[in-house]
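Open the model in your viewer and keep the selection tool at hand. The stops follow below.

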Amino acid sequence: MRLLYPAALFFLISIPVIIAMYILKQKFEERKISSLYLWNQVIKDIDVNTPWQRLKSSLPLILQIILALLLTLALTDPFLLIKGRGEQNIIIVIDTTGSMKAAYEDSTKFEEGIKRAEKLIRSLRTGSKITLISSGSKPRIEISLSENKEDAINKLKNIKITNAAGDINDSLSLVKSISKQDKGYRSIFFTDKNVDIKGINGEVQVLNSYSENVSLDYISHSKSESGINAIIRINNRSSNSQKREVALYAEEKLFFLKDVELKPKEVKTIYFAGLPNYTKYLHGEISKKDSLNEDNSIYEVVKSTKGQKVLLVSERNVFIEKVLASLNNIELYKTNSFENIMDKYDLYIFDGVSPKALPKEGAVLFLNPPEDSESFKVNGDIDGGLGEAVKSSITKYMENVHFTVSKFKNIEVPYWASVFLKVNNKPAGFVGELKGQKTGVLAFDLHSSDFPLISEFPIFMHNLISYLTDFDFQTKSSYKSGESITINSIGDIEKLSMKSPSGSSKDIEVKYPIKPYENTDEIGIYRLTQSFKGDETERLFAVNFPSEKESDIDTEDKTFNNAESNSILNSSGINLKSFLVTAALLILMAEWMVYVYGY
């Protein structure tokens with residue numbers, strides 16, 4: 001046993017003081033009494049209180065000495081060593097990845113890890129230094145070098161489990177860095193994965209119990225005239241045969257139920273056909289709960305397969321043709337004359353041409369217009385110079401971009417348009433919307449500029465065409481929990497907000513470049529709403545559980561150490577302070593009962 005504050009033993013001097021109080025003679029006052037019956041007892045009392053006589057047995061005296069002894073020992077903060085040394089400078093690493101949500105006896109592996117970590121912290125001797133690390137998609141230091149056990153326990157209990165994938169081995173660099181500061185540091189990992197602790201003084205508590213788990217790993221779809229066809233891959237990750245019922249929803253409406261029998265470790269693909277084409281997203285689900293429920297659901301956003309029809313009216317423009325060819329869902333049509341065009345298009349690009357009459361439907365993009373149009377007025381050519389981007393949704397990701405132009409058109413910018421490019425501080429490109437028709441103008445010939453040669457040119461054209469067609473050609477719609485959602489806004493927006501699957505909404509700052517949305521721990525469909533001049537557009541994103549990395553939960557429950565250490569949980573001990581204080585209170589109660597009822 002160790003005493004953290006041995007100086008407190010000074011208070012043992014209270015024991016002889018108590019004894020002295022019992023052997024010193026008490027002074028009595030003379031009083032008249034009605035009877036001599038009590039004289040015998042008085043004589044006995046006088047004998048007892050005669051100074052320096054032999055101390056007689058007294059239960060209150062014994063209890064008071066024990067009480068003083070207990071309180072003095074409590075002040076020394078004693079620590080009972082069970083095995084090895086009691087003082088530990090500990091680094092605790094808690095795995096917070098999705099697989100830790102799996103069942104462990106009556107709770108989960110994560111809850112069991114928190115429970116064991118709390119027990120370890122409480123067993124440490126006062127003065128031990130505690131570092132707490134949570135390891136999810138990225139390791140994070142929750143508390144560092146703390147000697148306050150209650151603070152460490154509060155931090156421990158506030159750690160949140162996630163659905164994200166992660167590798168607890170990523171925390172090893174933090175552990176090694178901290179342990180270099182003090183060779184006495186020891187580490188313990190609470191996880192369900194193997195950890196390579198070679199060269200680290202510590203141990204790994206692998207948390208697992210027998211488990212049955214079936215996961216939905218993949219969903220995909222295609223469109224046909226008869227409707228949407230979908231496939232779902234189901235994976236039996238258990239060591240015995242399983243039977244499951246798989247449901248497929250078109251948004252919130254149930255369309256199919258299929259029973260699936262799976263052999264141990266078997267993977268099957270399930271086919272569905274004939275879902276309605278108007279469906280915005282699909283939802284697959286296993287109805288039966290198992291050891292890990294988070295991988296029992298899977299989502300897929302149904303993207304529109306309607307191609308954007310684009311008509312390019314030009315003699316030849318290689319730059320524009322290459323950009324359009326690189327965009328998905330573009331149907332490009334080329335002509336050198338706008339006359340007798342009967343078909344309708346989503347976007348008309350006039351390169352070096354100004355038609356007499358503009359199309360009534362679809363967006364319009366002018367490149368180097370030679371003369372006036374219904375939408376703007378051209379006042380001839382002016383000498384070129386240095387061009388630069390003006391901050392807007394069209395030029396996002398183009399900060400500090402410069403280019404040169406030999407000459408460009410002097411075009412009067414309409415009141416409904418906003419400028420996105422300038423040359424010599426004069427407007428050289430603008431976009432806007434008039435009577436429901438979007439129009440864009442680039443006031444110079446791309447062939448007389450080095451603008452198409454800069455690396456940002458494809459991004460610029462993507463932004464411009466996305467704005468004019470209200471179509472995003474590159475947005476990814478499927479993510480894993482913990483991944484950041486990339487937000488490519490279309491046009492000049494006034495407000496952005498994201499709604500999570502649980503229904504909570506969060507506004508996103510409209511500042512280019514727009515930061516990715518990172519709060520994707522929930523599984524399900526996220527809805528991004530963009531608002532501009534009272535109009536709203538909505539985009540959907542599917543976030544699924546990372547089953548390929550987190551659903552294999554059937555591993556052995558064990559503890560292993562490296563060659564340098566014994567079990568930390570067994571090499572600690574018990575702080576006796578609370579036990580001593582409790583015993584002192586019991587002695588105090590006993591003395592009070594002796595005083596009240598006699599002895």
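Helices (H or I, at least four residues) and strands (E, at least two) are DSSP runs, numbered from the N terminus. This is a predicted model, with local features needing pLDDT of at least 70, side-chain atom pairs pLDDT 80 or more, and totals for chains, interfaces and linings using all residues. Residues count from 1 along each chain as its sequence is written, and side-chain values use heavy atoms, without hydrogens and water.

**Stop one: E112.** Select helix 4, residues 109-123; E112 sits in it. E112 counts as buried because its relative accessibility is 11% (buried is under 20% relative accessible area, exposed over 50%, partly exposed in between; 1.4 Å probe, protein chains only). Now show Y104, S107 and L207. E112 is in contact with these three, leaving aside neighbours within four places in sequence (contact means heavy atoms within 4.5 Å).

**Stop two: the helix pair.** Helix 4 and helix 5 pack at about 175 degrees, axes 10 Å apart (axes are lines fitted to C-alpha atoms over the stretch in contact; angles run from 0 to 180 degrees between N-to-C directions). Helix 4 is therefore roughly antiparallel to helix 5 (under 35 degrees is roughly parallel, over 145 roughly antiparallel, 65 to 115 roughly perpendicular, the rest oblique). On helix 4, select I114, A117, E118, I121 and R122; on helix 5, select K149, E150, A152, I153, L156 and K157. These residues make the contact. By class, the contact has 6 nonpolar, no polar and 5 charged residues (Ala, Val, Leu, Ile, Met, Phe, Trp, Tyr, Cys and Pro are nonpolar; Asp, Glu, Lys and Arg charged; the others, Gly among them, polar).
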